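Please keep the sequence and the model in view while reading.

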Protein chains: 2
Amino acid sequence: MDPIDRPLTDYPRPSVAVDTAVLTVRGAELYVGLVPGRPRLPGAFLHEGETLAGAVRRSLAQKAGLEGVAPAQLHVFDALDRDSRGWVLSVAHVVVVPAESTGALELVPTSAATGLDFDHDAIVEQAARWIRDRYVDHPDPEHLLGPELTLRDLRRVHEAVHGAALQPDTFRRAMLPRLEPTGQRRRGDVGKPAQLFRRR
Amino acid sequence: MDPIDRPLTDYPRPSVAVDTAVLTVRGAELYVGLVPGRPRLPGAFLHEGETLAGAVRRSLAQKAGLEGVAPAQLHVFDALDRDSRGWVLSVAHVVVVPAESTGALELVPTSAATGLDFDHDAIVEQAARWIRDRYVDHPDPEHLLGPELTLRDLRRVHEAVHGAALQPDTFRRAMLPRLEPTGQRRRGDVGKPAQLFRRR
DNA sequence: CGAATAGTGTCTCTTAGACAATATTTA
DNA sequence: TAAATATTGTCTAAGAGACACTATTCG
């Protein structure tokens, strides 16, 4: 009999956890949310009848009061000694939320999120790389901004995600083909009012 | 007590499997290796005390006689109904081997590898995307070719991976900065002998 | 008006892509 | 010599990046 067709009960099974890097942009920096008072990302064990994304949503709802997130998978961490309590695989996830919606999490700049429990340093690093890749080609794929945005708003987000200053004129020309002008302008600030755009 | 700190025994655990797309290039096409006589990728259940990469290596050694591969993770498939035998997560992997080293696997062009068991169609698709991304910027990151190669060899590989013809001159100029000339030429074929290069 | 921000013109440099020409081998 | 392949020259078009200039608002 082919091994893959043997009954499932023949095998001891690992515990499977999810751990999630909740990312957001505030000011000019990329932040990650930690469990209040602890140097670790929010996580939970996968329950029977639940998907991985479901476990992520449950853990974020419980630990941070966050609802309606869309988790993306990063990597499975499987080092045999990664958890002193036993055999635990962790499926790392990333979730991106607007700055107002970080719930009870403690925000720390990703660059300062080191010395975390388990292999959570590596998860933060992978999550930062993941969001950087996402924002190379698209204006705001994770909806960090509301539906109407100016090029300045957008550039601030990209600068925080990218971790470097961007030239306003080059950035504008790169993003314009992917934006829809609303015909409106944002008034009230000093300076020439900026056009408002929608994501295309 | 924080849920993540409860004893592990409180939770029912899933079975965890690995399933691997073994990719290679033969002629002008990208192939994937299937279990002989079955419409599925080689796979196995994760055993206690074993890493995921270890399980991949074990399954490929057992089912195909393949040794010394370096598996890369793609994605965890976790649909609740993906396996009729019960609760099974599958961690999809990809492995790239030279055309001579495909062991006992049955090679099928990736474009023709549809209608496979479980969610293996999706794994093949992701594996093909993965290798395409790997070969965009590097001459031969997965060592599909031997240590000494001509630009023609390299272009054939890229054409197979990319699934499209490439211009010899443009390709040459794109790859040259990433290659080390050996000073040797390959003789014996018709036409001007081509320079031999090494990966830099 | 002056400061601040938005937006455009334009120049340079690099690169991709294509076509053509030259170079060197085998049969 | 003819056919085949390697390699280089060169032109064009597109795009990134930088700098300077103009436009429009608030205080």
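What percentage of the 200 residues in chain A do buried residues make up? Buried residues make up 48% of them, where buried means under 20% relative accessible area, exposed over 50% and partly exposed in between (1.4 Å probe, protein chains only). This is a predicted model, in which local features need pLDDT of at least 70 and side-chain atom pairs count only at pLDDT 80 or more, while totals for chains, interfaces and linings use all residues. Residues are numbered from 1 along each chain as its sequence is written, chains are lettered from A and ligands numbered from 1 in the order in which they are written, and side-chain values use heavy atoms, with hydrogens and water left out.

**Chain A**

- Chain A contains four helices and eight strands; helices (H or I, at least four residues) and strands (E, at least two) are DSSP runs, numbered from the N terminus.
- Read from the N terminus, the order of elements in chain A is β-β-β-α-β-β-β-α-α-α-β-β.
- The C-alpha trace of chain A spans about 70 × 40 × 25 Å along its principal axes.
- Of the contacts (heavy atoms within 4.5 Å) in chain A between residues at least 6 apart in sequence, 59% join residues at least 24 apart.

**The interface of chain B and chain A**

- Chain B contributes 35 residues to the contact, and chain A contributes 36 residues.
- About 3600 Å² is buried between chain B and chain A, with carbon and sulfur atoms giving 61% of that area; buried area is the accessible area (1.4 Å probe) that two parts lose on being put together, summed over both.
- Zero salt bridges are found across this interface, a salt bridge being a side-chain nitrogen of Lys or Arg within 4 Å of a carboxyl oxygen of Asp or Glu.
- Nine residue pairs, both residues at pLDDT 80 or more, are in polar contact between chain B and chain A. A polar contact is a pair of N or O atoms within 3.5 Å; within protein, one must be able to donate a hydrogen and the other to accept it, and residues adjacent in sequence count only if both atoms are side-chain atoms.
- On the side of chain B that touches chain A, at least two residues each come from β1 (15-26), α1 (52-64), β4 (72-77) and β5 (88-96) of chain B.

**DNA strand C**

- DNA strand C is surrounded by 21 residues, and the closest are A:Arg172, A:Arg173, A:Lys192, A:Gln195 and B:Asp169; a residue is near a strand if one of its heavy atoms lies within 4 Å of it.
- Of the atoms of DNA strand C that come within 4 Å of the protein, sugar and phosphate account for 62%.
- A phosphate oxygen of DNA strand C is 3.2 Å from a polar side-chain atom of B:Gln167.

**DNA strand D**

- The 21 residues that surround DNA strand D have A:Asp169, B:Arg172, B:Arg173, B:Lys192 and B:Gln195 as the closest.
- Phosphate oxygens of DNA strand D lie 2.6 Å from a polar side-chain atom of B:Arg172 and 2.9 Å from a backbone N or O atom of B:Gln195.
- Two or more residues of the surface near DNA strand D come from each of α4 of chain A and α4 and β8 (194-199) of chain B.
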